[in-house]
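Me: I have a few questions about how the parts of this assembly meet. Could you take me through them?

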Amino acid sequence: MLYDRLAQDLYAEICHIPLIDPHSHIDPRRPTAKNLDDILGYHYYSELAHSAGMDKGPLAKEVDPRERVRAILYHMQFFDNTAQYTWFVEIARAFLGFQGDRLTIADSTWLCDAAEGLMAKRDWEQPVWHRTNLEKVFLTNDFDDPLEGFDTERYVPCLRTDDLVFHLDQPDVRQRLAKATGVEIGDLASVRRAITKLFEQFTRKGAKACAISLPPDFCPRPEPDGSLPIKPGSEADAKRETAYAVFWLLAEHCREFKLPFDLMIGVNRRVYREGVYQGQDLFDQRTSLIQYAELFNAFPDVTFCVSVLSSGQNQELASYSWIFPNVVTSGHWWYSNIPAYIEQDARARLHAVPKTKQIGYYSDAYKLEFVLPKYNMYRRILAQILADDFIRPRVYTEAQALELARLLLHDNARRIFDV
Amino acid sequence: MLYDRLAQDLYAEICHIPLIDPHSHIDPRRPTAKNLDDILGYHYYSELAHSAGMDKGPLAKEVDPRERVRAILYHMQFFDNTAQYTWFVEIARAFLGFQGDRLTIADSTWLCDAAEGLMAKRDWEQPVWHRTNLEKVFLTNDFDDPLEGFDTERYVPCLRTDDLVFHLDQPDVRQRLAKATGVEIGDLASVRRAITKLFEQFTRKGAKACAISLPPDFCPRPEPDGSLPIKPGSEADAKRETAYAVFWLLAEHCREFKLPFDLMIGVNRRVYREGVYQGQDLFDQRTSLIQYAELFNAFPDVTFCVSVLSSGQNQELASYSWIFPNVVTSGHWWYSNIPAYIEQDARARLHAVPKTKQIGYYSDAYKLEFVLPKYNMYRRILAQILADDFIRPRVYTEAQALELARLLLHDNARRIFDV
Amino acid sequence: MLYDRLAQDLYAEICHIPLIDPHSHIDPRRPTAKNLDDILGYHYYSELAHSAGMDKGPLAKEVDPRERVRAILYHMQFFDNTAQYTWFVEIARAFLGFQGDRLTIADSTWLCDAAEGLMAKRDWEQPVWHRTNLEKVFLTNDFDDPLEGFDTERYVPCLRTDDLVFHLDQPDVRQRLAKATGVEIGDLASVRRAITKLFEQFTRKGAKACAISLPPDFCPRPEPDGSLPIKPGSEADAKRETAYAVFWLLAEHCREFKLPFDLMIGVNRRVYREGVYQGQDLFDQRTSLIQYAELFNAFPDVTFCVSVLSSGQNQELASYSWIFPNVVTSGHWWYSNIPAYIEQDARARLHAVPKTKQIGYYSDAYKLEFVLPKYNMYRRILAQILADDFIRPRVYTEAQALELARLLLHDNARRIFDV
């Protein structure tokens with residue numbers, strides 16, 4: 001909760017701005033939670049519970065979901081200081097009729113009952129969507145997603161390309177790709193043909209972005225010709241060369257198909273190998289956007305929406321976005337998505353980057369219920385920055401500050417992704 | 001504007017401290033702007049306008065200056081959130097009689113008229129100088145600058161050495177050096193003779209510093225003898241070896257001629273190759289002052305005034321300056337020169353570095369009109385830090401806090417540069 | 001001093017929490033200062049005085065201690081802006097009857113007299129211990145420390161292992177080790193035997209932790225067998241291999257003997273070679289906890305209490321501790337131990353890391369008198385964070401906030417180190 005009156009008032013106004021959420025992992029065919037287990041199954045809770053001492057037993061498939069909920073709620077007492085805990089309390093308040101300030105294992109039964117009662121309703125998506133004031137939410141679709149069975153005006157498809165760039169040596173990925181495109185992969189030229197097919201299919205179905213997450217040492221460059229062999233079970237060097245070359249092809253297709261390219265830079269996968277599902281990845285702060293300088297130079301017509309994982313990297317991002325017309329700052333990602341870092345990262349961007357080149361936030365959510373509390377966290381911080389750095393120093397009037405908020409939460413995403 | 005009463009009062013007092021601005025790019029023979037085009041031609045505006053969507057057409061030489069001004073003012077609506085925009089509004093208020101809060105393309109005509117009317121006056125330099133409360137401003141002079149035709153008491157010469165360190169393989173640089181010193185470059189020993197000449201000439205004309213900007217991977221070391229060949233059109237390795245050796249020679253001359261050496265660490269040139277003039281350089285956060293440890297150890301009698309480009313690097317700078325007697329923190333440079341970063345960087349220095357070893361700020365300006373708004377940005381932040389971290393916690397009285405401000409803005413520069 | 005009323009009240013309450021100080025360099029046989037020279041001899045003063053212009057003359061052994069005190073007090077006028085200066089003023093206020101706000105060379109005589117009068121008393125340790133509200137303080141013991149002659153309930157032994165990891169090629173270290181354990185070092189297997197002896201001896205005497213400081217490029221990995229030769233006067237490569245292998249052995253012993261392992265990551269030794277004693281070390285921000293990923297994976301049962309030297313590294317630490325159950329955040333170390341960095345580092349941890357996995361602070365003190373002012377600095381910052389980020393936004397009640405403070409200052413250390 002905000003306690004500064006001006007910031008409170010701004011926050012209330014900002015909440016009226018409808019959201020275009022440009023990055024999530026929502027399944028449009030099951031966009032909401034069905035029960036509390038779907039909420040507390042989010043890796044932010046399982047990984048914190050595990051970090052605070054919970055073994056992985058309660059996370060096994062065969063465990064009664066209510067037992068799992070109890071196990072996580074029990075361990076929440078050890079991380080009730082975190083931002084993630086406040087998201088959960090806010091979900092309970094916004095969607096489950098909770099009116100208190102804290103939730104503990106003692107609330108387990110009624111919470112589960114309440115969640116099942118409400119979330120089981122056939123139209124549960126509607127009140128969540130409405131209360132969240134959502135206009136559109138972007139998806140993260142596998143390349144062989146048929147993109148059918150949902151409203152692509154609400155749920156905007158986005159081609160996720162991690163598999164294409166990093167796993168073309170895996171037989172199952174090759175098979176999925178062959179099945180989706182009719183192209184058997186042999187060399188880079190065949191990969192190009194397959195990617196063209198995918199972009200045709202995705203854009204025909206309303207896809208509005210291409211996205212990828214990248215390790216800290218990634219340093220893409222073009223491959224001079226199409227003869228590079230792309231084989232199963234490659235060595236590390238060959239895999240890297242393939243990754244750079246395929247990534248470059250994707251950028252060429254973004255240019256051709258006029259799609260922005262979301263780059264989520266800095267994640268090392270499976271650092272904690274025994275971690276819970278989706279709770280294994282970490283980062284190495286030693287990375288630089290200079291690794292992307294050739295890319296940004298080579299594709300002036302492609303908009304790169306860049307997310308980073310550290311505040312050090314955010315200073316580079318603010319500077320690269322201030323200089324490169326095609327580099328846009330995007331949200332507050334993962335380990336940077338806590339108030340202490342959002343605050344300084346957002347302030348730096350607001351002081352240095354043209355306001356039309358900033359995508360303020362995205363939810364990264366797996367279930368619609370998380371869009372509201374995560375955006376609230378961001379909106380409160382934004383309201384305080386607007387109060388302290390813009391309105392009180394008389395840089396902006398309140399109306400102008402709210403226009404800036406509207407750019408960050410809605411208009412920039414609409415323009416950049418053409419939705 | 002500040003809105004904290006104590007900080008406001010401090011700010012008002014701090015503004016009475018005359019400024020010694022120890023780093024600028026002002027041309028002492030044309031120190032002020034002649035028109036609005038000279039103001040908005042500053043790369044901070046052309047690069048932000050370009051970043052926000054302006055093509056480079058309006059920047060071409062043959063374009064009517066008023067058209068260029070209109071183009072940049074038009075694009076300013078997309079970056080009116082930035083610190084740079086507030087500098088411009090402050091210039092209009094301080095020097096052009098503007099009384100409002102915002103400037104848009106609608107103000108274009110009267111602004112141009114007002115600017116031409118005022119700036120064309122023969123003595124325009126005087127009111128700007130006076131209103132800015134300037135005592136001295138340092139220049140950045142090419143090695144073959146004759147240093148004549150201006151008052152070196154006001155405009156303090158400083159030998160810029162980038163060409164000597166990085167471009168001695170270029171025929172025109174060699175020719176300019178031969179012309180300036182009478183020395184033809186063949187090996188390191190001849191470079192030494194040329195540099196001695198330059199230091200003699202510069203110090204005779206009142207130069208008070210030697211300065212250079214350095215890339216993130218620079219790691220200087222001495223060359224054992226003078227026989228290193230310095231040839232035109234060298235390979236990358238040879239160029240690097242030359243750069244390190246010549247840099248070391250410069251440090252030796254700083255020692256001999258008792259000049260502080262300004263090191264501006266971290267810039268990569270021409271990262272955005274199609275960027276506007278002076279809007280192409282960026283940085284790589286992966287750099288460390290450990291690369292300069294040998295230098296700092298080897299030259300205990302040379303004062304190194306160090307500027308860095310990132311907050312990560314600032315933490316190193318605060319620590320190196322806390323330990324090395326000959327390392328001084330210097331200003332808030334370029335991409336670090338926005339409030340969000342100035343604030344945290346300045347606070348860290350004020351908590352950790354002896355107050356006599358901090359050069360608070362420099363303008364880096366190309367035209368005198370920018371000294372005032374840039375220093376005001378810094379002075380406001382400084383006033384707030386003094387209020388919050390020194391006066392309110394009763395570490396300092398107001399009088400003591402103002403003495404500290406005087407060190408940062410005037411006395412330290414006077415002592416360190418001996419002016 | 002705090003000036004926010006809520007933070008003041010919290011601070012007053014927090015000061016009632018008894019301290020378990022989990023890292024210091026106190027000599028339990030001479031835990032307190034005997035005179036002012038013992039206070040101002042702390043490297044934080046000698047190095048700042050030297051940095052601000054004092055030559056090393058007054059630090060020589062043969063100099064009259066009162067002359068040394070005068071020299072340092074004289075130079076304090078140049079660093080009275082620093083956190084270190086405020087520690088000194090607070091010591092004078094808490095222990096020497098000083099009632100003013102500032103100390104200068106004019107106070108030299110009475111300060112020396114007062115210090116000698118009080119500190120010479122036979123029971124001086126008691127009022128210092130009591131006034132500091134200390135419960136336990138950890139030591140940093142050389143491997144051949146007999147651990148006798150003091151109360152190990154108050155002064156908790158901790159095995160410092162820097163010599164074992166980095167200096168096994170030095171004849172005197174080998175001799176000391178042979179003397180302490182009866183094992184002559186020849187290969188890795190013999191080192192293992194010696195280390196087992198040390199752990200047996202230390203744990204028998206009440207040791208509760210193993211500790212080491214590590215350079216930025218350290219990247220430990222196991223050695224497959226015990227035949228690695230460990231010889232005197234090795235080359236750099238062999239030394240590094242030895243260091244990694246011996247470090248790994250220590251982790252194995254921490255597992256076997258159930259001792260937490262304090263990792264203090266990032267220090268380069270002797271960077272400023274002519275610096276004062278203990279005022280020569282600095283850091284390189286380019287380091288990553290990814291270098292310890294194998295270690296954290298290999299020893300799930302060992303608790304690693306990790307300290308880092310930069311705010312960039314702190315963001316990694318907060319994230320690694322959020323994911324790895326066996327990684328705990330520990331204190332605010334050395335160059336990070338100034339308010340500007342403590343504030344942002346502590347906030348990030350409090351927003352992201354389970355509250356049971358944070359060791360809030362340690363004093364790193366050489367004399368008991370420093371525990372109080374250093375903890376006060378931390379407690380004030382903590383009180384302000386609790387007020388602003390927890391109580392005012394109604395995340396915690398005041399009582400809950402104080403419980404969090406108790407975890408950070410006492411309970412977590414008690415549980416983690418089993419004291």
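**Chains and helices in contact**

Reply: Happy to. 42 residues of chain A are in contact with 43 residues of chain B, where contact means heavy atoms within 4.5 Å. This is a predicted model, in which local features need pLDDT of at least 70 and side-chain atom pairs count only at pLDDT 80 or more, while totals for chains, interfaces and linings use all residues. Residues are numbered from 1 along each chain as its sequence is written, chains are lettered from A and ligands numbered from 1 in the order in which they are written, and side-chain values use heavy atoms, with hydrogens and water left out.

Me: What area is buried between chain A and chain B, and which residues of chain A supply more of it than any other three?

Reply: About 3,500 Å² is buried between chain A and chain B, with carbon and sulfur atoms giving 54%. Buried area here is the accessible area (1.4 Å probe) that two parts lose on being put together, summed over both. On the chain A side, Gln315(A), Trp322(A) and Ile323(A) supply 23% of the area buried against chain B, more than any other three residues.

Me: How do you know that chain C and chain A are related as by a three-fold rotation axis?

Reply: Chain C superposes on chain A by a rotation of 120 degrees with 0.0 Å of shift along its axis, at an RMSD of 0.0 Å. The two copies are thus related as by a three-fold rotation axis. The copies use different surfaces, as 7% of the contact residues of chain C recur in chain A.

Me: Why are α3(A) and α13(C) called roughly perpendicular?

Reply: Helix α3 (residues 43–51) of chain A and helix α13 (residues 311–323) of chain C pack at an angle of about 85 degrees, their axes 7 Å apart. Angles under 35 degrees count as roughly parallel, over 145 as roughly antiparallel, 65 to 115 as roughly perpendicular and the rest as oblique. The pair α3(A) and α13(C) is therefore roughly perpendicular. Tyr44(A), Glu47(A), Leu48(A) and Ser51(A) of α3(A) meet Ser321(C), Trp322(C) and Ile323(C) of α13(C).

Me: What makes α14(A) and α14(C) oblique?

Reply: Their axes come within 7 Å and cross at roughly 130 degrees. α14(A) and α14(C) are therefore oblique to each other. Pro339(A), Ala340(A), Tyr341(A), Glu343(A) and Gln344(A) in α14(A) meet Gln344(C), Arg347(C), Ala348(C) and His351(C) in α14(C).

Me: And within chain B, why are α1(B) and α16(B) called oblique?

Reply: Helix α1 (residues 5–14) and helix α16 (residues 398–417) of chain B have axes that come within 10 Å and cross at roughly 50 degrees. α1(B) and α16(B) are therefore oblique to each other. Leu6(B), Leu10(B), Glu13(B) and Ile14(B) of α1(B) make the contact with Glu398(B), Leu402(B), Ala405(B) and Leu409(B) of α16(B).

Conventions:
Axes fitted to C-alpha atoms, helices over the stretch in contact; angles between N-to-C directions. Helix = DSSP H or I, 4+ residues; strand = E, 2+ residues; numbered from the N terminus. Least-squares fit on C-alpha atoms with pLDDT ≥ 70 in both.
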